[in-house]
Amino acid sequence: MKKIGFIGAGNMATAIINGLIAQKGSADFINVYDVNASQLDAMKRLGANVLASGGEVVKNSDIIVLAVKPQNYAEVLDELKAYADESKTFVSIAAGISIGYVQSGLGCECPVMRVMPNTPLLLKKGATALCPSGNMSDDDKQTIYEMFAGSGVCEYLTEDHMNEIIAVNGSSPAFIYLFAKAMADYADSCGIDYDSAMNLVCATLEGSAAMLRESGDSADTLIQKVSSKGGTTIAALDKLREHGFYEAIQDAMDACTKRAEELGR
């Protein structure tokens with residue numbers, strides 16, 4: 001079994017590691033390093049091998065997941081540079097960080113899988129976009145795919161769309177949480193119990209997603225099927241259009257993409 005290392009043991013790394021443990025039944029093939037001692041203690045409790053440095057993780061692993069913030073990439077890659085070579089495969093899960101950026105920072109043409117996961121991975125409901133470098137082995141591609149597919153759905157994309165996809169699956173849970181909060185807050189303002197309303201909102205989001213996936217209808221058709229002429233839904237949709245709801249979402253997604261491009265410079 002390939003040894004998988006993690007530089008960083010935050011929420012996303014923990015979600016991936018828990019998924020791997022669920023798939024394989026143990027954590028003895030997982031190596032971890034983090035500057036935060038409490039996070040390393042949590043990794044020990046899971047049964048992972050806690051190592052003394054990022055360099056030790058690279059030396060003792062076949063596939064290394066770079067689970068650090070984009071702002072810390074340059075520093076981390078510089079620290080790992082002495083231990084990296086073409087026999088090591090790296091996984092980047094940071095927004096805006098390109099395959100070329102990782103290879104340049106490591107000073108070698110090592111295989112790199114650029115990945116954009118999202119936080120519902122914590123509940124095995126993740127949505128992950130993946131983009132492998134051209135020199136990655138099929139075996140490593142499959143191993144990394146399974147790493148994320150065990151906790152949700154995965155799609156391969158070309159790298160020219162990896163910044164744009166962040167708004168689609170990476171950052172978008174926050175958009176949906178804001179939408180849900182607005183709905184539940186409205187119910188609360190009307191005297192409806194907040195928790196009861198949020199329970200109904202969550203079930204509605206889950207059901208709507210299932211309809212989009214399974215009904216065979218397009219989003220436009222589904223909107224029409226809920227919208228009776230002169231009815232309540234039309235009144236609400238008219239108000240959303242008046243406030244530029246659709247355009248605001250598009251603008252928000254564009255801002256997300258532009259920020260990803262800035263982070264990768």
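**Aromatic pairs, a helix contact and a buried serine**

At 33% relative accessibility, F245 counts as partly exposed, because that value falls between the 20% limit below which a residue is buried and the 50% limit above which it is exposed. The model in which this residue sits is a predicted one.

**Aromatic pairs**

- A pair of aromatic rings is described by the distance of the centres and the angle of the planes.
- Two aromatic pairs are found in the structure.
- In the pair of Y145 and Y156, the ring centres lie 5.6 Å apart and the planes stand at 25°, and because planes under 30 degrees apart count as stacked, this pair is stacked.
- Y145 belongs to helix α6 (residues 138–149) and Y156 to strand β8 (residues 152–156), so that this pair, with its partners 11 residues apart, links distant parts of the chain.
- Y145 has a relative accessible area of 26% and is therefore partly exposed, and Y156, with a relative accessibility of 39%, also counts as partly exposed.
- F179 and F245 form a tilted aromatic pair, with 6.1 Å from centre to centre and 45° between the planes.
- This pair, too, links distant parts of the chain, as F179 is in helix α8 (residues 172–189) and F245 is in helix α12 (residues 245–263), 66 residues apart.
- F179 is partly exposed, with a relative accessible area of 38%.

**Contact of helices α4 and α5**

- The axes of helix α4 (residues 73–80) and helix α5 (residues 99–106) come within 8 Å of each other, and they cross at roughly 45°.
- On the α4 side the contact involves Y73, A74, L77, D78 and L80, which meet Y101, V102, G105 and L106 on the α5 side.
- Sorted by class, the residues of the contact between α4 and α5 are seven nonpolar, one polar and one charged.

- S133 is placed in the loop between β7 (126–132) and α6.
- With a relative accessibility of 7%, S133 counts as buried, because buried means under 20%.
- The side chains of S133 and N135 are joined by a polar contact of 2.7 Å.
- When residues up to four places away in sequence are not counted, S133 touches I99, Q103, P111 and V112.

How values were computed: Residues are numbered from 1 along each chain as its sequence is written. This is a predicted model: local features need pLDDT of at least 70, side-chain atom pairs count only at pLDDT 80 or more; totals for chains, interfaces and linings use all residues. Side-chain values use heavy atoms; hydrogens and water are left out. Rings of Phe, Tyr and Trp (its six-membered ring) pair if their centres lie within 6.5 Å; planes under 30 degrees apart count as stacked, over 60 as edge-to-face and the rest as tilted. Helices (H or I, at least four residues) and strands (E, at least two) are DSSP runs, numbered from the N terminus. Buried means under 20% relative accessible area, exposed over 50%, partly exposed in between (1.4 Å probe, protein chains only). Axes are lines fitted to C-alpha atoms, for helices over the stretch in contact, and angles run from 0 to 180 degrees between N-to-C directions. Contact means heavy atoms within 4.5 Å. Ala, Val, Leu, Ile, Met, Phe, Trp, Tyr, Cys and Pro count as nonpolar, Asp, Glu, Lys and Arg as charged, and the others, Gly among them, as polar. A polar contact is a pair of N or O atoms within 3.5 Å; within protein, one must be able to donate a hydrogen and the other to accept it, and residues adjacent in sequence count only if both atoms are side-chain atoms.
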